[in-house]
Amino acid sequence: MLKALQVPQRKVYNMYNIYNTISDLDLRNGETKRINCPNCNGYKTFTVTNNMGNLVWNCYKVSCGLKGGKRVHLSVDDIRSGFGIRQDSDAAPFQLPSYVVHDTNRRSVHLFCAQWGLDEDELGLMYDVKDDRLVFPVVHDGVIVDATGRALNKHLPKWKRYGNSGLPYVSGHGNVAVVVEDCVSAAVVGCGSFVGVAVLGTSLAEAHKRYLSQFSTAVIALDPDALPKTLAMAKELRGYVDDVQVLRLTDDLKYRNDVDITNLTNILKGD
Ligand SMILES: [Zn+2]
(Lines give C-alpha, C1' and ligand atoms only; values in the text may rest on other atoms or scores of the structure.)
Protein backbone atom coordinates (compact mmCIF):
# COMPACT_ATOMS: atom_id res chain seq x y z
CA MET A 1 0.00 0.00 0.00
CA LEU A 2 1.20 3.48 -0.76
CA LYS A 3 2.28 5.42 2.27
CA ALA A 4 0.61 8.60 1.10
CA LEU A 5 -2.79 6.96 1.33
CA GLN A 6 -2.46 6.34 5.03
CA VAL A 7 -3.56 9.73 6.17
CA PRO A 8 -4.26 9.52 9.88
CA GLN A 9 -7.77 10.46 10.71
CA ARG A 10 -7.86 13.48 12.93
CA LYS A 11 -9.77 12.70 16.06
CA VAL A 12 -12.34 15.13 17.33
CA TYR A 13 -12.73 15.30 21.07
CA ASN A 14 -15.28 17.06 23.18
CA MET A 15 -12.85 19.53 24.75
CA TYR A 16 -15.56 21.12 26.85
CA ASN A 17 -16.19 17.78 28.54
CA ILE A 18 -12.50 17.14 28.99
CA TYR A 19 -11.71 20.55 30.51
CA ASN A 20 -14.71 20.23 32.78
CA THR A 21 -13.55 16.88 34.06
CA ILE A 22 -10.00 18.06 34.58
CA SER A 23 -10.89 21.25 36.38
CA ASP A 24 -13.12 19.31 38.76
CA LEU A 25 -10.14 17.27 39.93
CA ASP A 26 -8.50 20.16 41.78
CA LEU A 27 -5.05 18.56 41.68
CA ARG A 28 -2.32 19.88 43.91
CA ASN A 29 1.17 20.24 42.55
CA GLY A 30 2.82 16.82 42.19
CA GLU A 31 -0.45 14.98 42.46
CA THR A 32 -1.72 12.44 39.91
CA LYS A 33 -5.22 11.08 39.57
CA ARG A 34 -6.50 8.21 37.56
CA ILE A 35 -10.13 8.40 36.50
CA ASN A 36 -12.56 7.16 33.88
CA CYS A 37 -11.80 8.69 30.51
CA PRO A 38 -14.11 11.64 29.69
CA ASN A 39 -13.77 10.76 26.01
CA CYS A 40 -13.99 6.97 25.66
CA ASN A 41 -15.37 6.21 29.15
CA GLY A 42 -12.54 3.70 29.63
CA TYR A 43 -12.45 2.52 33.22
CA LYS A 44 -9.65 4.46 34.94
CA THR A 45 -7.68 4.72 31.73
CA PHE A 46 -7.29 8.47 32.03
CA THR A 47 -4.54 10.02 34.15
CA VAL A 48 -4.06 13.67 34.96
CA THR A 49 -0.94 15.01 36.67
CA ASN A 50 -0.19 18.45 38.00
CA ASN A 51 3.52 18.90 37.35
CA MET A 52 4.55 22.32 38.70
CA GLY A 53 1.42 23.91 37.34
CA ASN A 54 1.49 22.00 34.06
CA LEU A 55 -1.56 19.77 33.89
CA VAL A 56 -0.77 16.79 31.71
CA TRP A 57 -3.41 14.23 30.79
CA ASN A 58 -3.44 11.06 28.83
CA CYS A 59 -5.75 8.11 28.12
CA TYR A 60 -4.08 4.71 28.04
CA LYS A 61 -6.54 3.24 25.58
CA VAL A 62 -4.83 3.17 22.20
CA SER A 63 -8.16 3.43 20.38
CA CYS A 64 -8.88 6.65 22.26
CA GLY A 65 -5.47 8.30 22.34
CA LEU A 66 -6.68 11.38 24.16
CA LYS A 67 -3.81 13.41 25.54
CA GLY A 68 -2.93 16.99 26.17
CA GLY A 69 -1.56 19.60 28.52
CA LYS A 70 -2.50 22.95 29.92
CA ARG A 71 -0.83 25.43 32.23
CA VAL A 72 -2.76 26.14 35.38
CA HIS A 73 -2.41 28.60 38.17
CA LEU A 74 -0.44 27.24 41.12
CA SER A 75 -1.87 28.07 44.50
CA VAL A 76 0.35 29.91 46.98
CA ASP A 77 0.51 26.76 49.09
CA ASP A 78 1.68 24.78 46.07
CA ILE A 79 4.43 27.25 45.29
CA ARG A 80 5.54 27.33 48.91
CA SER A 81 5.66 23.60 49.18
CA GLY A 82 7.64 23.09 45.97
CA PHE A 83 6.86 19.57 44.90
CA GLY A 84 4.31 19.25 47.64
CA ILE A 85 6.82 17.57 49.87
CA ARG A 86 7.78 20.19 52.41
CA GLN A 87 4.47 21.15 53.90
CA ASP A 88 5.49 23.34 56.77
CA SER A 89 7.43 25.95 54.86
CA ASP A 90 7.48 28.50 57.67
CA ALA A 91 9.31 26.14 59.98
CA ALA A 92 13.11 26.21 60.10
CA PRO A 93 14.80 23.51 58.00
CA PHE A 94 15.10 20.22 59.79
CA GLN A 95 18.27 19.62 61.77
CA LEU A 96 19.27 16.46 63.50
CA PRO A 97 20.26 16.90 67.14
CA SER A 98 24.03 17.10 67.65
CA TYR A 99 24.01 13.76 69.50
CA VAL A 100 23.11 12.02 66.25
CA VAL A 101 26.45 11.40 64.56
CA HIS A 102 27.75 9.91 61.32
CA ASP A 103 30.23 7.69 63.12
CA THR A 104 28.43 4.36 63.48
CA ASN A 105 31.48 2.44 64.61
CA ARG A 106 29.85 0.86 67.67
CA ARG A 107 29.40 -2.70 68.68
CA SER A 108 25.63 -2.35 69.09
CA VAL A 109 25.35 -0.93 65.55
CA HIS A 110 27.48 -3.66 64.01
CA LEU A 111 25.49 -6.38 65.76
CA PHE A 112 22.17 -4.95 64.65
CA CYS A 113 23.29 -4.42 61.04
CA ALA A 114 24.77 -7.92 60.89
CA GLN A 115 21.52 -9.37 62.22
CA TRP A 116 19.46 -7.79 59.42
CA GLY A 117 22.08 -7.75 56.70
CA LEU A 118 22.17 -3.95 56.47
CA ASP A 119 25.11 -2.07 54.98
CA GLU A 120 25.40 0.93 57.32
CA ASP A 121 27.67 2.94 54.98
CA GLU A 122 25.65 2.34 51.86
CA LEU A 123 22.45 3.25 53.70
CA GLY A 124 24.05 6.34 55.25
CA LEU A 125 22.92 5.27 58.69
CA MET A 126 23.77 7.38 61.73
CA TYR A 127 23.99 6.84 65.46
CA ASP A 128 22.23 8.48 68.38
CA VAL A 129 24.93 8.64 71.05
CA LYS A 130 22.58 9.81 73.77
CA ASP A 131 19.93 7.14 73.30
CA ASP A 132 21.91 4.26 71.73
CA ARG A 133 19.82 4.24 68.55
CA LEU A 134 20.57 3.39 64.97
CA VAL A 135 19.29 6.37 63.00
CA PHE A 136 17.75 6.06 59.53
CA PRO A 137 17.81 9.49 57.86
CA VAL A 138 14.73 10.40 55.82
CA VAL A 139 16.25 11.92 52.68
CA HIS A 140 14.17 13.67 50.04
CA ASP A 141 15.67 15.56 47.11
CA GLY A 142 19.11 14.96 48.61
CA VAL A 143 18.26 16.68 51.88
CA ILE A 144 17.77 15.08 55.29
CA VAL A 145 14.26 16.21 56.16
CA ASP A 146 13.62 13.88 59.06
CA ALA A 147 14.98 10.76 60.72
CA THR A 148 13.87 7.84 62.77
CA GLY A 149 15.95 5.86 65.23
CA ARG A 150 15.72 2.23 66.30
CA ALA A 151 16.65 1.51 69.92
CA LEU A 152 19.62 -0.84 70.08
CA ASN A 153 18.96 -1.65 73.71
CA LYS A 154 15.75 -2.58 75.46
CA HIS A 155 14.69 1.04 75.85
CA LEU A 156 11.33 2.26 74.69
CA PRO A 157 10.05 3.54 72.40
CA LYS A 158 11.56 1.06 70.03
CA TRP A 159 11.40 3.68 67.27
CA LYS A 160 11.89 7.39 67.82
CA ARG A 161 11.00 10.03 65.26
CA TYR A 162 13.30 13.07 65.26
CA GLY A 163 11.24 15.38 63.04
CA ASN A 164 7.64 15.81 61.99
CA SER A 165 7.88 15.86 58.20
CA GLY A 166 5.31 13.09 57.90
CA LEU A 167 7.40 11.79 55.00
CA PRO A 168 8.26 8.15 54.44
CA TYR A 169 11.72 6.66 54.92
CA VAL A 170 12.98 5.64 51.49
CA SER A 171 15.75 3.26 50.48
CA GLY A 172 16.90 2.31 46.97
CA HIS A 173 16.64 3.72 43.44
CA GLY A 174 14.18 1.72 41.36
CA ASN A 175 10.85 2.37 39.71
CA VAL A 176 8.76 0.03 41.83
CA ALA A 177 7.82 1.16 45.32
CA VAL A 178 7.47 -1.52 47.95
CA VAL A 179 5.45 -0.07 50.80
CA VAL A 180 6.42 -1.48 54.18
CA GLU A 181 5.91 -0.50 57.80
CA ASP A 182 9.40 0.02 59.15
CA CYS A 183 12.84 1.19 58.04
CA VAL A 184 14.57 -2.16 58.43
CA SER A 185 12.14 -3.76 55.98
CA ALA A 186 12.53 -0.81 53.60
CA ALA A 187 16.32 -1.08 53.73
CA VAL A 188 16.19 -4.84 53.19
CA VAL A 189 13.86 -4.62 50.19
CA GLY A 190 15.32 -1.46 48.62
CA CYS A 191 17.64 -2.86 45.97
CA GLY A 192 17.54 -3.63 42.25
CA SER A 193 14.38 -2.14 40.80
CA PHE A 194 12.74 -1.88 44.20
CA VAL A 195 12.53 1.20 46.36
CA GLY A 196 11.63 0.40 49.94
CA VAL A 197 9.19 2.98 51.26
CA ALA A 198 8.50 2.80 54.98
CA VAL A 199 5.33 4.57 55.96
CA LEU A 200 6.41 4.22 59.61
CA GLY A 201 3.01 2.98 60.64
CA THR A 202 0.06 1.41 58.92
CA SER A 203 -1.72 4.45 57.60
CA LEU A 204 -1.07 6.58 54.54
CA ALA A 205 -0.70 10.32 54.99
CA GLU A 206 -1.40 12.71 52.13
CA ALA A 207 2.36 13.29 51.84
CA HIS A 208 2.92 9.53 51.39
CA LYS A 209 0.38 9.33 48.61
CA ARG A 210 1.86 12.29 46.82
CA TYR A 211 5.33 10.84 47.18
CA LEU A 212 4.21 7.44 45.88
CA SER A 213 2.44 8.95 42.85
CA GLN A 214 5.82 9.20 41.07
CA PHE A 215 6.09 5.40 40.81
CA SER A 216 4.48 3.33 38.06
CA THR A 217 3.98 0.41 40.41
CA ALA A 218 3.49 0.19 44.16
CA VAL A 219 3.54 -3.12 45.99
CA ILE A 220 2.01 -3.01 49.44
CA ALA A 221 3.77 -5.41 51.74
CA LEU A 222 2.74 -4.79 55.33
CA ASP A 223 3.02 -7.33 58.12
CA PRO A 224 0.84 -10.42 57.61
CA ASP A 225 -1.42 -9.44 60.51
CA ALA A 226 -2.24 -6.10 58.87
CA LEU A 227 -4.11 -7.50 55.86
CA PRO A 228 -7.29 -5.39 56.28
CA LYS A 229 -5.10 -2.28 56.46
CA THR A 230 -3.12 -3.47 53.46
CA LEU A 231 -6.28 -3.78 51.38
CA ALA A 232 -7.57 -0.40 52.55
CA MET A 233 -4.23 1.16 51.68
CA ALA A 234 -4.24 -0.43 48.22
CA LYS A 235 -7.68 1.01 47.55
CA GLU A 236 -6.58 4.44 48.71
CA LEU A 237 -3.45 4.40 46.55
CA ARG A 238 -5.22 3.42 43.33
CA GLY A 239 -6.06 7.05 42.63
CA TYR A 240 -2.35 7.92 42.73
CA VAL A 241 -0.37 5.01 41.33
CA ASP A 242 -1.23 3.23 38.06
CA ASP A 243 -0.45 -0.25 39.22
CA VAL A 244 -1.09 -1.10 42.86
CA GLN A 245 -0.37 -4.65 43.98
CA VAL A 246 -0.78 -6.38 47.28
CA LEU A 247 1.85 -8.83 48.45
CA ARG A 248 0.44 -11.34 50.90
CA LEU A 249 3.36 -11.94 53.19
CA THR A 250 4.01 -15.01 55.25
CA ASP A 251 6.37 -13.01 57.42
CA ASP A 252 7.60 -9.44 57.81
CA LEU A 253 9.79 -8.66 54.76
CA LYS A 254 12.83 -7.97 56.89
CA TYR A 255 13.05 -11.68 57.68
CA ARG A 256 13.71 -12.30 53.96
CA ASN A 257 11.42 -15.31 53.88
CA ASP A 258 12.09 -17.18 50.61
CA VAL A 259 8.40 -17.47 49.73
CA ASP A 260 7.88 -13.74 50.20
CA ILE A 261 10.93 -12.72 48.18
CA THR A 262 9.90 -15.08 45.36
CA ASN A 263 6.35 -13.70 45.37
CA LEU A 264 7.69 -10.16 45.27
CA THR A 265 9.91 -10.92 42.27
CA ASN A 266 7.03 -12.69 40.55
CA ILE A 267 4.84 -9.61 40.84
CA LEU A 268 7.27 -7.81 38.58
CA LYS A 269 7.46 -10.63 36.07
CA GLY A 270 3.69 -10.50 35.77
CA ASP A 271 3.97 -7.01 34.29
ZN1 LIG B 1 -10.03 7.45 26.52
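Predicted model: local features only at pLDDT ≥ 70, side-chain atom pairs only at ≥ 80, totals over all residues.
The lining comprises 23 residues in total, and the volume of the pocket is about 550 Å³. Nearest the centre of the pocket lie Leu123, Val170, Ser171, Gly172 and His173.

Several secondary-structure elements contribute to this lining. At least two residues each are supplied by strand 7 (133-140), strand 10 (169-171) and helix 4 (183-189). Of the contributing elements, strand 10 gives the most, with 3 residues.

Helix 1 was examined separately. This helix spans residues 15-25, and its buried residues are Ile18, Ile22 and Leu25. Viewed down the helix axis, the buried residues of helix 1 fall within an arc of 50°, and they therefore line one face of the helix. Tyr16, Ser23 and Asp24, by contrast, are exposed on the other side of helix 1. Here, buried denotes a relative accessible area under 20%, and exposed one over 50%.

The packing partners of the buried residues of helix 1 are three strands: strand 1 (32-35), strand 2 (46-51) and strand 3 (54-59). Just after the end of helix 1, aspartate 26 adopts a positive phi of about 55°.

Conventions: Residues numbered from 1 in each chain as written. Heavy atoms only, no water. 1 Å grid on protein atoms, 1.4 Å probe; cavity = no way out; pocket = protein on both sides within 12 Å on 5 of 7 lines; lining within 4 Å. Points joined across faces, edges and corners; volume = space filled by probe spheres on them. Helix = DSSP H or I, 4+ residues; strand = E, 2+ residues; numbered from the N terminus. Buried < 20%, exposed > 50% of the residue type's maximum accessible area, 1.4 Å probe, protein only. Arc of directions from axis to C-beta. Contact = heavy atoms within 4.5 Å.
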